Amino acid sequence: MTKESFEQALEELEEVVAKLEDESVGLEEALKLFERGVKLAKRCRTQLEGVERRVEQLLAEAAEGEEAKTAPFAPEEE
Amino acid sequence: MSSRTYGVGELIREINAALAGGFGEIWVRGELSGVKVAGSGHRYFQVKDADGQLSCAMWAARADRLRFKLADGQAVLLRGRLEVYAQRGSLSLVVEEVRPEGIGELQLAFEQMKAKLEAEGLFAAERKRPLPALPQRLGLVTSASGAAVRDVLKVLSRWEHLSVLLYPVRVQGKGSEGEVARAVRYLGRSGLVDVVLVVRGGGSLEDLWAFNEEIVARAIAASPVPVVSGVGHEVDFTIADFVADVRAATPTQAAELVVATLEGQQRRVETGHRDLTAGFLRKLEHGRLRLRGLEGARGLARLPLRLKELDQRIQRLEALPQLLRALVAGRRRRAEAAAAHLYRWPVRFGAPRRRELVTARLAVAGERLRSLVARRGLELTGGERALGALSPRRVLERGYSMTTREGDPKPVTNAATVNTGERIVTTFAVGHLRSLVLGRVNGTQGSLFEEEGAGDRAQGTVDKGQDAPHMGQETHDRRRR
């Protein structure tokens with residue numbers, strides 16, 4: 001999933017919410033919107049929490065197609 | 001008086017010797033004009049004041065070490081030696097050092113670089129990119145041992161879901177600008193990061209100099225991913241700050257921007273989700289209100305049963321996310337009040353037909369919701385919360401209770417299946433009651449929404465701390481009178 005799709009999903013979620021506010025939307029439609037919205041919210045959350053916490057420092061630059069050498073990093077105490 | 005005759009070259013050599021002896025190394029104050037850079041890299045210019053001008057030459061090896069660029073109109077102090085250039089026979093000042101007057105050398109260099117890059121449009125607002133929507137993978141360009149890296153990581157620790165890749169560099173001293181530029185270039189192109197933070201703690205103009213160098217500015221400008229600068233203190237502006245997509249006043253603030261972006265996005269998602277459920281509940285409540293109103297209108301005998309099913313379905317739905325329940329509680333009170341009013345819907349408004357319509361639609365909706373819950377109950381609010389809300393225990397906590405026959409864990413859902421004299425166990429959120437059935441209350445056809453079995457009388461013991469009816473069976477038997 002790309003960053004764009006996070007932004008898009010979030011915007012769509014907000015649109016869905018706005019539609020639900022509409023008086024003329026019936027129960028059937030509301031249910032569809034709700035389902036869609038739940039899906040979107042879930043997708044957003046998944047992305048928002050999709051990166052694991054990690055602090056590393058680069059040991060050596062990697063050439064094209066190679067993996068960069070890294071090591072965990074913790075700053076020295078004062 | 002004898003006149004001596006010289007060869008030209010010889011004379012010039014003599015003059016130069018005399019100049020060296022008579023003047024040696026001198027300082028000349030004036031204004032630059034006609035500055036030219038030759039193909040060889042040597043600089044040629046005039047220095048002048050109101051009364052005269054003098055040709056100057058500065059060899060490339062010296063001139064390239066200047067931090068600022070020689071330019072017409074600059075007021076300067078020049079250090080050098082006078083010399084006649086034999087090929088042309090003209091007098092020049094061969095310049096060793098140039099000091100700007102009235103402004104520091106670094107300040108001048110800074111102003112020059114700023115003007116140059118600004119003219120190129122490198123600082124233009126339209127070049128600036130915002131932070132990415134999810135700045136989760138950060139490239140960090142700074143010293144591994146400074147206060148800046150500590151400050152940044154401290155702020156970043158507020159957000160669980162991000163990764164940091166530090167490219168350690170020297171942030172001051174000769175060659176540091178090359179390291180910073182290289183790091184920015186590498187991280188930007190590595191595909192490993194969404195955003196690059198270029199930071200350094202406070203220091204003198206000299207200390208921060210690397211961040212005023214053109215090579216750093218060019219690297220930042222060319223970065224494929226947005227760059228946030230946070231160099232020095234609030235008052236310090238560096239060229240890097242001007243060219244960065246986002247300028248933070250300090251390293252700490254650079255990190256704050258990232259975390260605030262992520263927190264803001266999370267707020268948006270949670271608000272969206274909350275409004276979504278609230279909006280949907282309003283729709284459901286609205287549907288239910290209409291049903292209640294219709295039920296109140298004179299009508300069909302079969303209807304209450306179907307309505308009751310629907311009501312149960314809606315209640316099951318309400319039991320979904322814990323979040324929803326709180327919302328429903330308030331809404332239900334209001335709904336109850338409104339329902340009283342709706343009871344008076346006249347039949348002539350076509351109530352029976354609409355009733356059918358609403359009933360059918362609610363039935364479909366209820367069915368779909370039930371399968372939705374079954375399929376994706378866990379997804380609804382993500383894990384635990386939904387799980388908790390779906391558990392029978394939570395339902396019990398809302399004041400419902402479950403009745404089972406002794407020795408049979410299946411819930412009793414119809415009073416007609418229990419005979420007088422049978423023993424039943426009622427499970428509450430906390431504890432159970434064993435009861436002896438005295439009799440059945442007639443009137444299951446009564447109003448849909450009235451509690452049934454309100455007339456049941458019960459006797460029994462409270463058994464605290466038991467979670468499930470079947471688990472409590474033995475205990476109950478032992479404790480019976």
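# A guided tour of chains A and B

Of the 78 residues of chain A, 26% count as buried. The model on display is predicted.

**Stop 1: chain A.** Select chain A and colour it by secondary structure. Among the contacts of chain A with a separation of 6 or more, 34% are between residues 24 or more positions apart.

**Stop 2: helix 2 of chain A.** Next, select residues 27-48 of chain A, which form helix 2. How far apart are the end C-alpha atoms of this helix? They are 31 Å apart; the 22 residues should span 32 Å at 1.5 Å a residue, so the two values agree. Display the side chains of the buried residues in helix 2 of chain A, which include Ala30(A), Leu31(A), Leu33(A), Phe34(A) and Gly37(A). Further along helix 2, Val38(A), Leu40(A), Ala41(A), Cys44(A), Gln47(A) and Leu48(A) are buried as well. In general, an α-helix has 3.6 residues a turn, so residues three or four places apart point the same way.

Stop 3

Strand 1 (residues 54-60) of chain A pairs with strand 7 of chain B in the parallel sense, over four bridges. To locate this pairing, select Glu56(A), whose bridge partner in strand 7 of chain B is Leu165(B). Strand 7 of chain B also runs parallel to strand 6 (residues 137-142) of chain B, and six bridges join the two. Here Leu140(B) has Leu166(B) as its bridge partner in strand 7.

**Stop 4: the contact between the chains.** Select the residues of each chain that touch the other. The contact takes 40 residues from chain A and 44 residues from chain B. On the chain B side, the elements that give two or more residues are helix 4 (147-156), strand 7 (163-168), helix 5 (176-190), helix 8 (251-296) and helix 11 (351-380). Helix 8 of chain B supplies the largest share of that side, with twelve residues. By class, the chain B side has 23 nonpolar, twelve polar and nine charged residues.

**Stop 5: chain B as a whole.** Chain B has 14 helices and 15 strands, and 31% of its 481 residues count as buried. Of the contacts in chain B with a separation of 6 or more, 65% come from residues 24 or more positions apart.

**Stop 6: a pair of helices.** Select helix 5 and helix 6 (residues 214-222) of chain B. Their axes lie 8 Å apart, and the helices pack at an angle of about 5°. Helix 5 and helix 6 of chain B are therefore roughly parallel to each other. Helix 5 contributes Glu177(B), Gly178(B), Val180(B), Ala181(B), Val184(B) and Arg185(B) to the contact, while helix 6 contributes Ile215(B), Val216(B), Ala219(B) and Ile220(B). By class, this contact has seven nonpolar, one polar and two charged residues.

Stop 7: Strand 1 (residues 25-37) and strand 4 (residues 75-85) of chain B pair in the antiparallel sense over seven bridges. Arg29(B) marks this pairing, with Leu77(B) as its bridge partner in strand 4.

**Stop 8: Arg67(B).** Finally, select Arg67(B), in the loop between helix 2 (60-63) and strand 4 of chain B. Arg67(B) counts as partly exposed because it has 15 C-beta neighbours inside 10 Å. Beyond its neighbours within four places in sequence, Arg67(B) is in contact with Glu105(B), Leu106(B) and Ala109(B).

Methods. Residues are numbered from 1 along each chain as its sequence is written. Chains are lettered from A and ligands numbered from 1 in the order in which they are written. This is a predicted model: local features need pLDDT of at least 70, side-chain atom pairs count only at pLDDT 80 or more; totals for chains, interfaces and linings use all residues. Two residues are in contact if their C-beta atoms, placed from the backbone, lie within 7 Å. Ala, Val, Leu, Ile, Met, Phe, Trp, Tyr, Cys and Pro count as nonpolar, Asp, Glu, Lys and Arg as charged, and the others, Gly among them, as polar. Two strands pair if DSSP finds at least two bridges between them. A residue is buried if 20 or more other C-beta atoms lie within 10 Å of its own, exposed if 12 or fewer, and partly exposed in between; C-beta atoms are placed from the backbone. The expected span of a helix is 1.5 Å times one less than its number of residues. Axes are lines fitted to C-alpha atoms, for helices over the stretch in contact, and angles run from 0 to 180 degrees between N-to-C directions. Angles under 35 degrees count as roughly parallel, over 145 as roughly antiparallel, 65 to 115 as roughly perpendicular and the rest as oblique.
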